[in-house]
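I opened this notebook to record what I looked up in one structure.

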Amino acid sequence: MTAENPSADPHAGTKQPVVVALDTSSAASVAVVADDRVEAEWAQSRARRHAELLGPALTDVLKQAPEPELVAVGVGPAPFTGMRAGIASGLGFAVGRGLRTVGVRSHDGLALVVYEQLRADGEDIDTVRILVASDARRREVYWAEYAGLDEDGLPVLAAGPDVAKPADLAELKGLAAESSEPRPTESSPKEPGSTEPAVLRIGAGFELYPDALGAPDPRFPTEALAADIARIAARTEAAGREQLEPIPLYLREPDAKPLPGR
């Protein structure tokens, strides 16, 4: 469960909309966020009946929270079958209420959680990079790299998102196949005297392929939740920045292709 933001909101003077978010990129989750606080939420890790669960969960969450002003959906990257349930449910709800729907990268939500926990623990987040990896099936991972939070409290995307074989990602990022140590800013080995930022391994992709990528940092969650998606959408909206469209983020060709001549 995503807790209330443990650090002081640096944008408390900026009016943020009440956001209801749905995300099924990994866990199935629903949340309402107001003024950077989680008013109500529901989550079921790695749920397989996303479409069946989301409707009742959304109804229950809305009973416990203020009236939403914006709808946000997680757009992946993630396997299409699960992700589409959250997007379709969010779009349907928004049409019924006459609300706008925006998209949020699911990896962004996970990066936000990690950076804010580090900051609450007194870490200098400007010296820490985060590498997020999630299951892409086909023995591949979706990945993205982040470099801190910007002036609006949003994760700074440094590379990706993209899809790769675990061994290829390890070579690209210079990852040693060893467990992450639960020490501040020391989840990837660095040469003595190095000025390169530490890289934290975050996400289920590291759980799946520890031999190639190393294990995820055990201090942090491995999947984003709707509350994190909602907070990113609210901060983006309050800052007057462009939102993503509520369209699935595809990073490779689909498995099924039309036959020649059709």
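I began with the rule for a salt bridge: a side-chain nitrogen of Lys or Arg must lie within 4 Å of a carboxyl oxygen of Asp or Glu. I note also that the model is a predicted one.

**Entry 1**

I then asked whether each partner is buried or exposed, taking under 20% relative accessible area as buried. Glu145 counts as buried at 8% relative accessibility, whereas Arg129 is partly exposed, with a relative accessible area of 29%.

**Entry 2: the pairs of Arg231**

Which side chains meet that of Arg231 in a salt bridge? I recorded Asp36, at 3.7 Å from N to O, and Glu116, at 2.2 Å from N to O. Glu116 lies in helix α3 (residues 106-120) and Arg231 in helix α7, so their pair ties together parts that are 115 residues apart in sequence. Asp36 sits in the loop between β2 (28-34) and β3 (37-44), and its pair with Arg231 in helix α7 links distant parts of the chain, 195 residues apart.

I checked the burial of these residues next. Asp36 counts as buried at 2% relative accessibility, and Arg231 counts as buried at 3%. Glu116 is buried as well.

**Entry 3: the network and the count**

I followed the salt bridges that share partners, and they join Asp36, Glu116, Arg119, Arg231 and Arg235 into one network. By the rule I began with, the count comes to 15 salt bridges.

**Entry 4: the nonpolar cores**

I turned to the largest nonpolar core, which has 33 residues. Which of its residues touch the most other members? I noted Tyr115, Leu118, Ile130, Leu200 and Ile202. Helix α7 (residues 226-238) gives the largest share of this core, seven residues. I also compared the core with the domain assignment: at least three residues come from each of domain 1 (19-106 + 223-239) and domain 2 (107-180 + 196-213).

Technical notes: Residues numbered from 1 in each chain as written. Predicted model: local features only at pLDDT ≥ 70, side-chain atom pairs only at ≥ 80, totals over all residues. Heavy atoms only, no water. Core = buried A, V, L, I, M, F, W, Y, C linked by side-chain atoms within 4.5 Å. Buried < 20%, exposed > 50% of the residue type's maximum accessible area, 1.4 Å probe, protein only. Helix = DSSP H or I, 4+ residues; strand = E, 2+ residues; numbered from the N terminus. Domains from an automatic or database assignment.
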